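Me: I am new to this structure and would like to learn how to read it. Could you take me through it step by step?

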Amino acid sequence: MTEPKRWLEEGAPRDIEYLVRAVQSEQPGDISLRRTLTALGVGLGASTVTVGAGAAVAGASTVTITVGLLAKWTALGATLGTLTAGVATLARDAPELARPAPSSISPAPARLESNHAAPVVSDPIVKDAPTTASVTEPPTTSPHKRFAPAVQSASTVPLDAETLAEEVKSVDGARAALAAGNAARTLTLLDEYERRFPERRFGPEALYLRMEALVSLGRTSQARSTAERLLASYPNSPHGARARVVLSKKP
Amino acid sequence: MREHYAFVWRVLRRSGLSSADADDAAQRVFLVAAARLDSIEERSERGFLYRTAARVASNAQRSIRRRLDTPGLEDGEEPAPFPAPDDLLDQRRARDLLDRVLSELSEDLRATFILFEIEGLRTPEIAEAIGIPLGTVASRLRRARAEVEERVAHYRNRPRSKGNLP
């Protein structure tokens, strides 16, 4: 079968050409890209990745990350920051760039039978998780405890695919509970997430989910406190806008 | 890196996500990819990324609908007047309009149009990414073009209300 020509090559109507070119020219911001790389633990700043064991990179503190699994797939390895098999040494930039960006996305996709099924990272439902207390009872965890940003510990903990997948699964579970309307369970799962993953690569998202769960439960003052912590700890988080909305409402 | 990331990001944007939500979603897509590297076949990366992005976007839209007080284009709300090509500020309106048009297509046609006309994938890649025969890609592309042209004409010829830009 002959490969068709692009509509713009064939001579699409002028206004359609304009619309398509406007969309084609849209690009994500640099911060968006760097946040993703940071969340993956594979690089920050402008091409500050140096490949090779033991290579030192000038600048801020260095982090050595084992990326054998990532390097196996060289195409995506290049996509994720020109990594090779073995160890890559990265230089980290400003601390705020080390904070993983949150994700406001609902749970991981359901597994399909087809070979073309969307890949699945995790089962969104965390089995055997403790049931949460009634909404009239005191919270199982104090929302007023200090929620320190994980930037320091995240920058020194080796990243491996398995740990990352587990962390994604944990946050997925909380997100799924919130999407299902079970705010109390969301809080319980978030407590578990914080216990299991002190690095909290998804710290901003965890705070965001906690804030939304508290809003759903009508625990306004706690929701406001969480919103304040989110803004204070992750001032560049995309969830900041939502946090400001929460704070703008009368207590 | 930018090329693949931009591809995923634009696919997410064309799925109706805002820039901020697309940022989040793109991160999720690459986290999934990182966790599933072993299962991804070489030379099928874009197909994998697209399928993941489509699923992530779908989940994101369900999540967004449950958010409180989310500003944005509400159902039934008309987009801004047709953008003028010589106005740079209209780039955003142009994107918004095309997103609106694409949202009115069926998912099958929308995916085919986005991947071929906007992202420049070849038809075999699209067939593999979506999981359809090669011939089906071609037929969906024809139908998608026809519908896009019809919808764009609808918005172009829409009477302007008072207060709109000329």
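Me: What ipTM and pTM does the predictor give the complex?

Reply: The complex gets an ipTM of 0.81 and a pTM of 0.53 from the predictor.

Me: And within chain B, which element has the lowest mean pLDDT and which the highest?

Reply: Among the elements of chain B, the lowest mean, 82, belongs to helix H3 (residues 45-65) of chain B, and the highest, 94, to helix H5 (residues 107-118) of chain B. Two stretches call for care. In residues 68-75 of chain B the pLDDT is below 50, and this stretch has 10 contacts in the model beyond near neighbours in sequence. Residues 162-166 of chain B also have a pLDDT below 50, with 5 contacts of that kind. Where pLDDT is low, the predicted coordinates should not be read in detail.

Me: Let's turn to chain A. How many helices and strands are there in chain A?

Reply: Chain A has 12 helices and 3 strands. Of its 251 residues, 53% count as buried.

Me: How do the axes of H9(A) and H10(A) cross?

Reply: For two helices, look at the distance and the angle between their axes. Helix H9 (residues 183-196) of chain A and helix H10 (residues 203-216) of chain A have axes that come within 9 Å and cross at roughly 155 degrees. Angles over 145 count as roughly antiparallel, so H9(A) is roughly antiparallel to H10(A). Their crossing is left-handed.

Me: Which residues of H9(A) and H10(A) meet?

Reply: On H9(A), they include Leu187(A), Leu190(A) and Tyr193(A); on H10(A), they include Ala206(A), Leu209(A) and Leu214(A). By class, this contact has 8 nonpolar, 3 polar and 3 charged residues.

Me: What does Ser170(A) touch, not counting residues up to four places away in sequence?

Reply: Ser170(A) touches Tyr193(A), Arg196(A) and Phe197(A). Tyr193(A) is also one of the H9(A) residues in the contact with H10(A). For another view of sequence against space, take Ser170(A) and Phe202(A): they are 32 residues apart in sequence, and their C-alpha atoms are 10.0 Å apart.

Conventions
Residues are numbered from 1 along each chain as its sequence is written. Chains are lettered from A and ligands numbered from 1 in the order in which they are written. This is a predicted model: local features need pLDDT of at least 70, side-chain atom pairs count only at pLDDT 80 or more; totals for chains, interfaces and linings use all residues. Side-chain values use heavy atoms; hydrogens and water are left out. pLDDT is the predictor's confidence in each residue, from 0 to 100. Helices (H or I, at least four residues) and strands (E, at least two) are DSSP runs, numbered from the N terminus. Contact means heavy atoms within 4.5 Å. Axes are lines fitted to C-alpha atoms, for helices over the stretch in contact, and angles run from 0 to 180 degrees between N-to-C directions. Angles under 35 degrees count as roughly parallel, over 145 as roughly antiparallel, 65 to 115 as roughly perpendicular and the rest as oblique. A crossing is left-handed if the near helix is turned anticlockwise from the far one by less than a right angle, and right-handed if clockwise. Ala, Val, Leu, Ile, Met, Phe, Trp, Tyr, Cys and Pro count as nonpolar, Asp, Glu, Lys and Arg as charged, and the others, Gly among them, as polar. Buried means under 20% relative accessible area, exposed over 50%, partly exposed in between (1.4 Å probe, protein chains only).
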